[in-house]
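Here's a quick briefing to read with the model open beside you. Take a look at the fold before you dig into the details.

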Amino acid sequence: MKSYRLVIDCPDKVGIVAAVSRFLAEHKASIVEANHHCDKQAKWFFMRNEIEAQSIELGLDEFKQEFAQLAEQFSMNWKIVDSSVKQNVVLMASRESHCLADLLHRWHSGELDCNIVAVIANHEHLRQMAQWHGIPYHYVPFNKGEKQAAFDQVRELILQYKADTVVLARFMQIFPDELCKELAGQVINIHHSFLPSFAGAKPYHQAHERGVKLIGATCHYVTGDLDAGPIIDQEIVRISHRDSVEDMVRKGKECEKSALARGLRSHIEDRVIINGNKTVVFD
């Protein structure tokens, strides 16, 4: 069913829900899903309404023009999105294949409602995986001393494919600050949740030596602060003294796949609102 997603955040104030509901009712809009939340500490309000597209009397452009008056009254940041217009998603990878393979499978099976338009990688060995799915594959080498030129090429590819979202599916190069700013809110990353502990090489080996009892993964937006952007989703699993390093790596990969897939799905369904260095994610 085609729907419109109305997503709002604004200073908290009495009457926002009533005003939005009244506006939608006046235009015969059938609300199929409604969510709202108030951050009492920040005094900020968040709302997401999903509207049956066929029910509304206005065209989308007319809706935007009329709703803009209400939005101005409440100082809203807002957007309305047509669910039938799929986001263009570029996947980026390095050597590890599990996250890339999982997203491609979920996309192929229809679980992820988007257009995966390209895969960009700094290694060649995942090319056949992308090509089997009929997706263009671009190898961009990141040679020592030439990383800026490589990222310039990545940027051109992102622009070429008109990407709405970029997913770092275990892509192991650090995005430069200027690209993070240019693509703010559009780049999603996944990493193990040990950070800031056990940073650097072989984190699972370090965690095993420390005897941790809980491991997991974090899906977040990329910012100039390495691995510290707003968190979208997380996944955890308990382990015990019986688990070897290999067991921890295997279970950690499952966490990475699950958290990344859920995070991407929430993002492309416009369920995530960035709030400073946090997010509001409507289930």
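Predicted model: local features only at pLDDT ≥ 70, side-chain atom pairs only at ≥ 80, totals over all residues.

Residues are numbered from 1 along each chain as its sequence is written, and side-chain values use heavy atoms, with hydrogens and water left out. Helices (H or I, at least four residues) and strands (E, at least two) are DSSP runs, numbered from the N terminus.

- Contact means heavy atoms within 4.5 Å, and angles run from 0 to 180 degrees between N-to-C directions, with axes being lines fitted to C-alpha atoms (for helices, over the stretch in contact).
- Inside the sheet, β1 (residues 3-11) and β3 (residues 44-52) are joined antiparallel by 9 bridges.

**The 7-strand sheet**

- The other open sheet to look at has 7 strands, ordered β7-β6-β5-β8-β9-β10-β11, and its pairing is mixed.
- β7 (137-139) and β11 (231-238) sit at the edges with a single partner strand each, so one side of each has no neighbour in the sheet.
- Ignoring direction, neighbouring strands here are turned by 20° against each other on average.
- β8 (residues 165-168) and β9 run parallel and are joined by 3 bridges, and V167 has I188 of β9 as its bridge partner.
- β10 (residues 214-221) and β11 run antiparallel with 7 bridges between them; here A217 is partnered by E235 of β11.
- How many residues of strand β9 (residues 187-192) are buried? The count is 6 of its 6, where buried means under 20% relative accessible area, exposed means over 50%, and partly exposed is in between (1.4 Å probe, protein chains only).

**Helix against helix**

- α1 (residues 16-26) and α2 pack at an angle of about 150°, with their axes 11 Å apart. That makes α1 and α2 roughly antiparallel, since the cut-offs are under 35 degrees for roughly parallel, over 145 for roughly antiparallel, 65 to 115 for roughly perpendicular, and oblique for the rest.
- A19, V20, F23 and L24 of α1 meet F63, E66, F67 and L70 of α2 in this contact.
- By class, the α1 contact with α2 has 7 nonpolar, no polar and 1 charged residues. The classes are nonpolar for Ala, Val, Leu, Ile, Met, Phe, Trp, Tyr, Cys and Pro, charged for Asp, Glu, Lys and Arg, and polar for the others, Gly among them.
- The axes of α7 (residues 203-210) and α8 come within 9 Å and cross at roughly 120°, so α7 and α8 are oblique to each other.
- Y204, H205, A207 and H208 of α7 make that contact with V245, M248, V249, G252, K253 and E256 of α8.
- The α7 contact with α8 divides into 5 nonpolar, 3 polar and 2 charged residues.

**Around α3**

- On α3 (residues 98-108), the buried residues are H98, C99, L100, D102, L103, L104 and R106.
- Their cover includes β5 (88-93), β6 (115-121), α4 (127-132), β8, β9 and α8.
- Just after α3, G110 has a positive phi of about 90°.

**Loop residues worth a click**

- S75, in the loop between α2 (60-73) and β4 (77-82), has a positive phi near 55° without being a glycine. S75 is partly exposed, at a relative accessible area of 48%.
- D270, in the loop between α8 (245-268) and β12 (272-275), also isn't a glycine but has a positive phi of about 60°. Buried or exposed? D270 counts as buried, at 6% relative accessibility.
- S55 is in the loop between β3 and α2, and touches H27, K28, A29 and S30, leaving aside residues up to four places away in sequence.

Definitions and conventions
Pairing = 2+ DSSP bridges.
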